[in-house]
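Colleague: I have a chain to go through with you. Can we take it in short questions and answers?

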Amino acid sequence: MSRKIVVGFDGSDASIRALDFAISRAQAQGDHILIAHVLEWSPYSFLTPSEVEERHRRRKEELQRAEAAILTPMVKRVEDAGIPCATTLRYGHIAETLCRIAKDEGAAMIFIGRMGDSGFASRIFGSVAATLAQVAPVPVVIVP
């Protein structure tokens with residue numbers, strides 16, 4: 001039975017490694033891949049109507065750029081490996097949004113790349129990988 005694997009993808013070398021590892025697992029298991037790209041988005045409470053309109057226009061442009069520059073080339077990479085592939089592009093907090101995607105899509109696993117940042121900020125505020133490892137509704141594979 002085919003399962004769905006969600007791959008958190010941001011275009012970084014770490015996310016490419018995670019995608020490549022997910023491809024190898026999907027080939028071995030007969031799974032399919034959902035590439036998920038999450039753009040950080042913080043809502044503003046007090047915006048004028050013209051600011052809301054401008055923000056919506058920029059958001060639409062960001063989505064189109066991300067689809068063309070980040071997701072489309074990776075879909076080809078996955079499909080060239082013989083694996084069914086889909087994409088999703090969302091705004092929000094990365095770890096929370098990946099968890100929501102996994103749950104909504106009935107995914108079996110989440111694959112993400114680890115950036116290797118072990119600096120002070122990541123120890124204080126946490127990282128996406130650490131957050132997912134703690135709160136994800138499915139197993140998380142963190143690729144170094």
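Modeller: Buried means under 20% relative accessible area, exposed over 50%, and partly exposed in between. Keep in mind that this is a predicted model.

Colleague: Is Thr97 buried or exposed?
Modeller: Thr97 sits in helix α3, residues 94–105. Its relative accessible area is 1%. The limit for buried is under 20%, so Thr97 is buried.

Colleague: Which residues does Thr97 contact, leaving aside its neighbours within four places in sequence?
Modeller: Leu39 is 58 residues from Thr97 along the chain, and their C-alpha atoms are separated by 9.6 Å. Contact needs heavy atoms within 4.5 Å. With neighbours within four places left out, the contacts of Thr97 are Val38, Arg90, Tyr91 and Gly92.

Colleague: Which residues of α3 are buried?
Modeller: An α-helix has 3.6 residues a turn, so residues three or four places apart point the same way. The buried residues of α3 pack against β1, β2, β3, β4 (109–113) and α5 (128–135). Those buried residues are Ala95, Thr97, Leu98, Cys99, Ile101 and Ala102.

Colleague: How far apart are the end C-alpha atoms of α3?
Modeller: Just after α3, Gly106 takes a positive phi of about 65°. The helix has 12 residues, and at 1.5 Å a residue they should span 16 Å. The model agrees, with the end C-alpha atoms of α3 apart by 16 Å.

Colleague: What about α2, how far apart are its end C-alpha atoms?
Modeller: Helix α2 covers residues 49–80, which is 32 residues. At 1.5 Å a residue, α2 should span 46 Å. The model agrees with that, at 45 Å.

Colleague: Where in α2 does the kink lie?
Modeller: The kink is about 40°. It comes shortly before the proline Pro73. Its place is Leu71.

Colleague: What is the phi of Gly82?
Modeller: Gly82 follows α2. Its phi is positive. The value is near 85°.

Colleague: Which side chain makes a polar contact with the side chain of Asp31?
Modeller: Asp31 is in the loop between α1 and β2. Its relative accessible area is 3%, so Asp31 is buried. A polar contact needs N or O atoms within 3.5 Å. At 2.8 Å, the partner of Asp31 is Arg3.

Colleague: How far is Ala14 from Val143, C-alpha to C-alpha?
Modeller: Ala14 lies in helix α1 and counts as buried, at 4% relative accessibility. Beyond its neighbours within four places in sequence, Ala14 is in contact with Gly113, Arg114 and Met115. Val143 is 129 residues from Ala14 in sequence, yet in space the C-alpha separation is 7.4 Å.

Colleague: For the protein chain, what share of contacts between residues at least 6 apart joins residues at least 24 apart?
Modeller: The protein chain has 5 helices and 5 strands. Along the sequence they follow the pattern β-α-β-α-β-α-β-α-α-β. Of the 144 residues, 36% are buried. Among contacts between residues at least 6 apart in sequence, the share joining residues at least 24 apart is 77%.

Colleague: In which helix is confidence lowest?
Modeller: The mean pLDDT of the protein chain is 87, and 87% of its residues reach 70 or more. Strand β1, residues 4–8, has the highest confidence, at 97. Where pLDDT is low, the predicted coordinates should not be read in detail. The lowest mean, 49, belongs to residues 120–125, helix α4.

Definitions and conventions: Residues numbered from 1 in each chain as written. Predicted model: local features only at pLDDT ≥ 70, side-chain atom pairs only at ≥ 80, totals over all residues. Heavy atoms only, no water. Helix = DSSP H or I, 4+ residues; strand = E, 2+ residues; numbered from the N terminus. Expected span 1.5 Å × (residues − 1). Bend = angle between axes of the 7 residues up to and from the residue. Buried < 20%, exposed > 50% of the residue type's maximum accessible area, 1.4 Å probe, protein only. Polar contact = N/O pair within 3.5 Å; in protein donor to acceptor, adjacent residues only side chain to side chain. pLDDT = per-residue confidence, 0-100.
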